[in-house]
Amino acid sequence: MSELKERLREVQERIAEAAARAGRSPEEILLVAVTKTVPVERIQEAIAAGVEHFGENRVQEAEPKIEAIGHAVTWHFIGHLQSNKVRRAVAAFDWIQSVDGPKLLDRIERSARTLGRRPRLLIQVNVTGEPSKHGISPDRLKRLLDQAAPYEHVSIEGLMTIGPLTEDTETIRSAFRRLRELAEAVRQANYPNVQMRHLSMGMSNDYEIAVEEGATMVRLGTAIFGPRPT
Ligand SMILES: *Cc1c(COP(=O)(O)O)cnc(C)c1O
């Protein structure tokens with residue numbers, strides 16, 4: 001078995017075990033393989049091994065890969081989206097997981113309208129308030145969701161977060177739990193045009209905790225493709 005297949009099998013096993021610990025079904029959890037710095041041939045290898053969702057964090061790096069591979073698989077934008085790249089991101093990606101403010105949301109809606117697309121969106125939340133991180137603060141989330149009420153060209157489907165950079169698993173766990181609680185609060189408030197179906201949380205170093213805390217998407221790079229060149 002190839003190295004990639006072996007890594008993939010291990011990841012799937014760990015996801016299934018973490019899901020079982022939380023009384024969840026592994027089918028609730030979507031694996032998004034993060035392919036930044038990964039060349040097209042290796043992405044094809046992952047597709048051959050059964051991966052169907054891919055995440056990229058730079059529009060200019062992703063465009064030629066998406067062009068080469070096409071849309072039989074699903075593409076997720078997971079990086080910080082600059083306003084001058086919105087149109088290209090909307091044209092190329094099926095999901096944008098990193099919506100983190102009112103201006104960006106408005107630009108996505110307008111680009112989607114002109115391009116005749118309807119991207120699926122997650123709102124990126126900075127639950128721990130780390131200043132180095134992108135993402136909207138939890139207290140601004142409701143206003144952002146209110147803004148989306150009249151939008152017809154986007155579909156808001158959940159929340160995304162990046163776990164805190166620490167070895168302390170309880171700190172990581174409480175951040176993921178916080179995201180789940182936020183999503184629950186939003187669900188109960190019944191915002192028009194918002195469906196809290198997805199929680200995108202968990203990367204190679206913390207995805208098992210994320211699955212235990214309710215993740216429906218995990219975003220894995222190194223766990224699948226090995227260490228990235230630095
Ligand atoms: C790079 C990246 C990942 C994957 O990171 P790994 O630690 O390699 O799994 C996940 N999410 C985002 C937003 C990223 O930028």
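Predicted model: local features only at pLDDT ≥ 70, side-chain atom pairs only at ≥ 80, totals over all residues.
Me: Start with Arg14. What does Arg14 form a salt bridge with?
Reply: Its partner is Glu10. The closest N and O atoms are 3.0 Å apart.

Me: Where do Arg14 and Glu10 sit?
Reply: Both are in helix H1, which covers residues 3-21. They are 4 residues apart, so about one helical turn separates them.

Me: OK, next. Which residue pairs with Lys65?
Reply: Glu56 does, through a salt bridge. Here the closest N and O atoms are 2.9 Å apart.

Me: Is Lys65 buried or exposed?
Reply: Lys65 is buried, because its relative accessibility is 8% and the cut-off for buried is under 20%.

Me: And Glu56, buried or exposed?
Reply: Buried as well. Glu56 has 0% relative accessibility.

Me: Now Arg88. What is Arg88 bridged to?
Reply: Arg88 forms a salt bridge with Glu63. The closest N and O atoms in this pair are 2.8 Å apart.

Me: Which helices do Arg88 and Glu63 lie in?
Reply: Arg88 lies in helix H4, residues 86-92. Glu63 lies in helix H3, residues 59-69. So the pair ties together parts that are 25 residues apart in sequence.

Me: How accessible is Arg88?
Reply: Arg88 comes out at 35% relative accessibility, which counts as partly exposed. Glu63 has 25% and is also partly exposed.

Me: Which residues are linked in a network?
Reply: Salt bridges link Arg21, Glu170, Arg173, Arg177, Arg180, Glu184, Glu212 and Glu213 in a network.

Me: Change of topic. Where is Glu28 found?
Reply: Glu28 is in the loop between H1 and strand S1, and that strand covers 30-34. Glu28 is partly exposed, with a relative accessible area of 41%.

Me: What does the side chain of Glu28 contact?
Reply: A polar contact of 3.0 Å joins the Glu28 side chain to that of Arg24.

Me: How far apart are Glu28 and Thr216?
Reply: In sequence, they are 188 residues apart. In space, their C-alpha atoms are 5.8 Å apart.

Methods. Residues numbered from 1 in each chain as written. Heavy atoms only, no water. Salt bridge = Lys/Arg side-chain N within 4 Å of Asp/Glu carboxyl O. Helix = DSSP H or I, 4+ residues; strand = E, 2+ residues; numbered from the N terminus. Buried < 20%, exposed > 50% of the residue type's maximum accessible area, 1.4 Å probe, protein only. Polar contact = N/O pair within 3.5 Å; in protein donor to acceptor, adjacent residues only side chain to side chain.
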